[in-house]
Every structure is written in structure tokens, then in C-alpha cells.
Amino acid sequence: MSELGGINCFCGNLARVRTSWTKENPGRRFLSCANRDGGCRFFEWEDSPLCARSRVIIPGLLRRLNALEKENARLEKIACSLYFLLIRWSLLLCCIFCLGRRGWYCISGLELVGVGM
Ligand SMILES: [Zn+2]
């Protein structure tokens, strides 16, 4: 174990700590060359091998996390749409209120245009 770094790769540079997300080693950290393009082939595991149960549980948790993040992004889009819809309806209600007080107004886009004043 290297205690997260402090080991040089074959290039002589400080090796970089990365995390494996393969099926066999999900979440297991390793050291490799910091220069991905044209670097050396230095490789060393940082963490001990995962037990069989961890190899099953971690990918399942990652799938659930990805599904929740996807659902969250979808709900954020809906919330944003509802927010703008609320603003438009608020403007419309404001126009209707003004219509009763000052005469006719029509809506052109989001601008209010006085008619027949
Ligand atoms: Zn290297």
C-alpha cells in the first residue's frame, strides 16, 4: 500500500490515484501514470481486492444512483417549466387585474400594450 500517492511511475512523475469502475473492481483505487496520453504503463492497486459481496452490492448501488440522478434531472426540468408557467400566469393575472382598472390591454409576447386609451 502506498497511502494514496507518493510513488513515482516509470516516467519519474508522481503516480496518480484513480478509481476503477470495472465489474470486477468497482470503486477500487489504483495508481497509474499521471500522463494518460503517451505516459508509461505503470499500474499498482492502492486498495485491497474487494470481497465477493462488495462486487455485487457496489454495482447495484451505482445503478440505483444513476437512475436517481436521471430522475432528478427530469424533475428539475419539469420544475423549471412549471416555474416559467407560473410567471406567465402571474403576468396574465396582473394584466386581467389591470384591465379592470385602466381599460383594455392585450398581451404581445410578454409585453403589455395599451389599447384604446
Ligand atoms: Zn509514467
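Residues are numbered from 1 along each chain as its sequence is written.

That pair belongs to strand 2, residues 26–32, and strand 3, which run antiparallel and are joined by 3 bridges; two strands are said to pair if DSSP finds at least two bridges between them. Strands here are DSSP runs of E with at least two residues, helices are runs of H or I with at least four, and both are numbered from the N terminus.

Strands 1 and 2 form a hairpin, with 4 residues between them.

Put together, this gives an open sheet of 3 strands in the order 1-2-3, with antiparallel pairing. Its edge strands are strand 1 (16–21) and strand 3 (43–45), each of which pairs on one side only. Neighbouring strands of the sheet are turned by 40° against each other on average, direction ignored, where the axes are lines fitted to C-alpha atoms and angles run from 0 to 180 degrees between N-to-C directions.

For the protein as a whole, the secondary structure comes to 1 helix and 5 strands, and the pattern along the sequence reads β-β-β-α-β-β. Buried residues make up 5% of the 117 residues, a residue being buried if 20 or more other C-beta atoms, placed from the backbone, lie within 10 Å of its own.

How confident is the predictor, then? The average pLDDT, a per-residue confidence from 0 to 100, is 86, and 81% of the residues score at least 70. Confidence is highest in strand 3, at a mean of 96, and lowest in strand 4, residues 105–108, at 54. Where pLDDT is low, the predicted coordinates should not be read in detail.

Note on methods
Predicted model: local features only at pLDDT ≥ 70, side-chain atom pairs only at ≥ 80, totals over all residues. Buried ≥ 20, exposed ≤ 12 C-beta atoms within 10 Å, placed from the backbone. pLDDT = per-residue confidence, 0-100.
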